[in-house]
Amino acid sequence: MVDKVIRLSKSCIGSAEKGAVMRVLDREYLGMGDEVRVFEAALSRFFDRPVRCVANGTAALQLAVEACGIGRGDEVLVPSLTYLASFQAISATGARPIACDVLEHDCLLDLDDAAKRMTTKTKAVMPVHYTGGVGDLAAVYQFAERYGLRVIEDAAHAFGSLCAGRRVGSFGDIACFSFDGIKNITSGEGGCIVTNDENVLRRVSDGRLLGVEKDTEKRYSGERSWSFDVAGQGWRFHMSNIMAAIGIEQLSRFDEFADKRRSFARQYDEVFADHDRIHALPRNYNEVVPHIFVVRVKGMIDREEKRARLLRKGIQTGVHYQPNHWLSFFQDDRQLPLSVTDALYPELLTLPLHADLSYDDVAYVAAELMKIV
Ligand SMILES: *Cc1c(COP(=O)(O)O)cnc(C)c1O
């Protein structure tokens, strides 16, 4: 057993974040107010679009689906190979997540498969930007247009990624991001919704504050709503000043984080380039800011044993993700197979990637993996 453990993922927190939190604590206004307003404004400049901050990425997805008027009796197409959060966010609205297969080469939503799962109840498609790559997002939008669907991008992995030169979230229908502790930037927990749709923005603004109409404006001017109306179901999904204070500092450090994540991912790519069994996902790191680094180990049948061996060498690894259609809650009575997802999943392995790694760490991880594959 080695002393140092190379973590799979971690937050990267410095004195700026700590100072910012202390200033909020000293002012003793911890709820949703100035810092959230400032963080939202900074994110709006980043995306060049209106932004609404919420408690976490899952809440962002749920509020976005709800704000489209999607709920009980409706269906949303989503790749099975995603974090459980995408599925639970959809089902929290009363709608049904319909698990779709992914393309073998990039692990992103297979639109031909999704088309087979369309019914008259299908109202939206939720592409998941797995590892930070978006694949052929233009094709997703064409697909949605053809069938009259909303697009709610689960962009939790893709903060700062580009798509044909444009920042993910700066175009399209609705994009949802997560600022949980290990994402490309963090606000402790947190998330946001980015869209130009006025109706969605209004519903999200109210929905995050128990449905109280215009409570956001009140809080941003330092007031509170004592008499108000509520027109729909709402939640306590707002962001706190403590979270936003962290997020503001992290956003200002984003270029530093992005450079590091990209260069470590490029380093892995180079080492594995000629390997006959270890295949990195095809991602263009001039555009993609990688959130996780996933490899496919061809023919791997003993992943847990390999993970245990790597851990003994001080290397944490992960598995992203156990397919959601395997879960009893999300089983589909239509029983169309998801053969690519089923075949891919046992061969996927996630290697350490975060801004506090070193080139030596990455070289060591890659070398140890190659020894056992
Ligand atoms: C992190 C994540 C979410 C949810 O974000 P939280 O902030 O953890 O609620 C949703 N989808 C994917 C793919 C994620 O990785």
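Before the first entry, a cut-off I need: I call two residues in contact when they have heavy atoms within 4.5 Å. I also keep in mind that this is a predicted model.

**Entry: helix 3 and helix 7**

I looked up which residues of helix 3 meet helix 7. On the helix 3 side I found Leu63, Glu66 and Ala67, and on the helix 7 side Asn199, Val200, Arg203, Val204 and Gly207. By class I noted 4 nonpolar, 2 polar and 2 charged residues in this contact.

Next I checked the geometry. Helix 3 covers residues 57-67 and helix 7 covers residues 198-207, and their axes are 9 Å apart at an angle of about 125 degrees. That angle makes helix 3 oblique to helix 7. I logged the crossing as right-handed.

**Entry: helix 1 and helix 9**

At what angle do helix 1 and helix 9 cross? I got roughly 150 degrees, with the axes coming within 8 Å. Angles over 145 degrees count as roughly antiparallel, so helix 1 is roughly antiparallel to helix 9. This crossing is right-handed.

For the record, helix 1 is residues 15-27 and helix 9 is residues 241-252. From helix 1, the contact takes in Ala16, Glu17, Ala20, Val21, Arg23, Val24, Leu25 and Arg27. Helix 9 answers with Asn241, Ile242, Ala245, Ile246, Glu249 and Gln250. I sorted the residues of this contact into 8 nonpolar, 2 polar and 4 charged.

Is strand 9 enclosed or open? I went through residues 191-195 and found 5 of the 5 buried, so strand 9 is largely enclosed by the rest of the structure. In a regular strand the side chains alternate between the two faces of the sheet.

Then I looked for partners. Strand 1, residues 51-54, pairs with strand 9 in the antiparallel sense over 4 bridges. In that pairing I see Val54 opposite Gly191. Strand 8, residues 174-178, also pairs antiparallel with strand 9, over 5 bridges. There I see Cys176 opposite Ile193.

I turned to strand 3, residues 96-100. Here 4 of the 5 residues are buried, so I marked strand 3 as largely enclosed by the rest of the structure.

I zoomed in on strand 10 and strand 11. They run antiparallel and 3 bridges join them, with strand 11 spanning residues 293-297. Ala280 is opposite Val295.

Where is the cis peptide bond? I found it going from His320 to Tyr321, with omega near 0 degrees. Tyr321 is in the loop between helix 11 (303-312) and helix 12 (339-344).

I also flagged Leu210, which has a positive phi of about 60 degrees although it is not a glycine. Leu210 sits in the loop between helix 7 and helix 8 (215-220). Its relative accessibility is 44%, so I put Leu210 down as partly exposed.

Lys214 also lies in the loop between helix 7 and helix 8. Lys214 is not a glycine either, yet I read a positive phi of about 65 degrees. Buried or exposed? At 54% relative accessibility, Lys214 counts as exposed.

Terms used. Residues numbered from 1 in each chain as written. Predicted model: local features only at pLDDT ≥ 70, side-chain atom pairs only at ≥ 80, totals over all residues. Heavy atoms only, no water. Axes fitted to C-alpha atoms, helices over the stretch in contact; angles between N-to-C directions. Helix = DSSP H or I, 4+ residues; strand = E, 2+ residues; numbered from the N terminus. Parallel < 35°, antiparallel > 145°, perpendicular 65-115°, else oblique. Left-handed = near helix turned anticlockwise from the far one by under 90°. Nonpolar A, V, L, I, M, F, W, Y, C, P; charged D, E, K, R; others polar. Pairing = 2+ DSSP bridges. Buried < 20%, exposed > 50% of the residue type's maximum accessible area, 1.4 Å probe, protein only.
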